Amino acid sequence: MRDTAARGILLRGGSARASWLLAALLPVLALASLTARADSEGERLYVEKCAMCHRAGGMGAGLLSRRYPKGQELLENRTNLSAAFVSQVVRHGLNNMPPLSRAEVSDPQLAAIAAYLSKGTP
Ligand code: HEC
């Protein structure tokens, strides 16, 4: 009887430790998966400056999923974005997206992000 109770406590303790470990690891894993994918400067900057809203689950992706078919709510999956449109939206904002200043995203950084998202379409 006492044995079972002790095992119960051990098990509970064990799973509490496991979930603590998981909670500690999750942000690290999330960050790693965000940064590991970056293989161009534009992509790296997109992850740094835009992904907090535009990754899956972000506010931008959430709102865009109301207007675009599944998958197309993620800007990196779009094939119909021009660099000019991306730059326009970033500097002037659009509906719920706030404009981003040159202090937040410099002109060269925006050019790299726009080239990445437009896949070369000016
Ligand atoms: C604070 C959150 C936030 C950040 C940061 C942000 N966006 Fe947005 N973005 C949004 C939201 C929200 C929308 C949807 C606006 C709407 O229509 O309501 C949006 C829409 C867009 C659109 C329009 C897509 C379309 O087809 O209508 C583009 C392009 C865009 N964002 C590019 C960017 C880029 C590039 C960056 C980084 C430099 C960026 N955004 C950073 C929130 C953000």
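Residues are numbered from 1 along each chain as its sequence is written. As the model is predicted, local features are reported at pLDDT of at least 70 and side-chain atom pairs at pLDDT 80 or more, whereas totals for chains, interfaces and linings use all residues.

The protein contains six helices and zero strands, where helices (H or I, at least four residues) and strands (E, at least two) are DSSP runs numbered from the N terminus. Along the sequence, the pattern is α-α-α-α-α-α. Of the 122 residues, 15% count as buried, a buried residue having 20 or more other C-beta atoms, placed from the backbone, within 10 Å of its own. Among contacts (C-beta atoms, placed from the backbone, within 7 Å) with a separation of 6 or more, 58% join residues 24 or more positions apart.

Two packed helices are described by the angle between their axes and the distance between the axes. Helix H2 (residues 41-49) packs against helix H6 (residues 107-118) at an angle of about 105 degrees, with the axes 8 Å apart; axes are lines fitted to C-alpha atoms over the stretch in contact, and angles run from 0 to 180 degrees between N-to-C directions. H2 and H6 are therefore roughly perpendicular, a term covering angles of 65 to 115 degrees. On the H2 side, Glu41, Gly42, Glu43, Leu45, Tyr46 and Lys49 meet Gln109, Ala112, Ile113, Ala115, Tyr116 and Leu117 of H6. The residues of this contact comprise seven nonpolar, two polar and three charged, with Ala, Val, Leu, Ile, Met, Phe, Trp, Tyr, Cys and Pro counted as nonpolar, Asp, Glu, Lys and Arg as charged, and the others, Gly among them, as polar.

Leu117 touches Tyr46, Leu75, Glu76, Arg78, Leu81 and Val86, residues up to four places away in sequence not being counted.

Around the ligand lie 22 residues, of which Cys50, Cys53, Gly60, Asn95 and Met97 come nearest; a residue is near if its C-beta atom, placed from the backbone, lies within 6 Å. Helices H3 (51-54), H4 (59-64) and H5 (83-92) each give two or more residues to this shell, and H4 gives the most, with four. The shell divides into 17 nonpolar, four polar and one charged.

Definitions and conventions:
Buried ≥ 20, exposed ≤ 12 C-beta atoms within 10 Å, placed from the backbone. Contact = placed C-beta atoms within 7 Å. Parallel < 35°, antiparallel > 145°, perpendicular 65-115°, else oblique.
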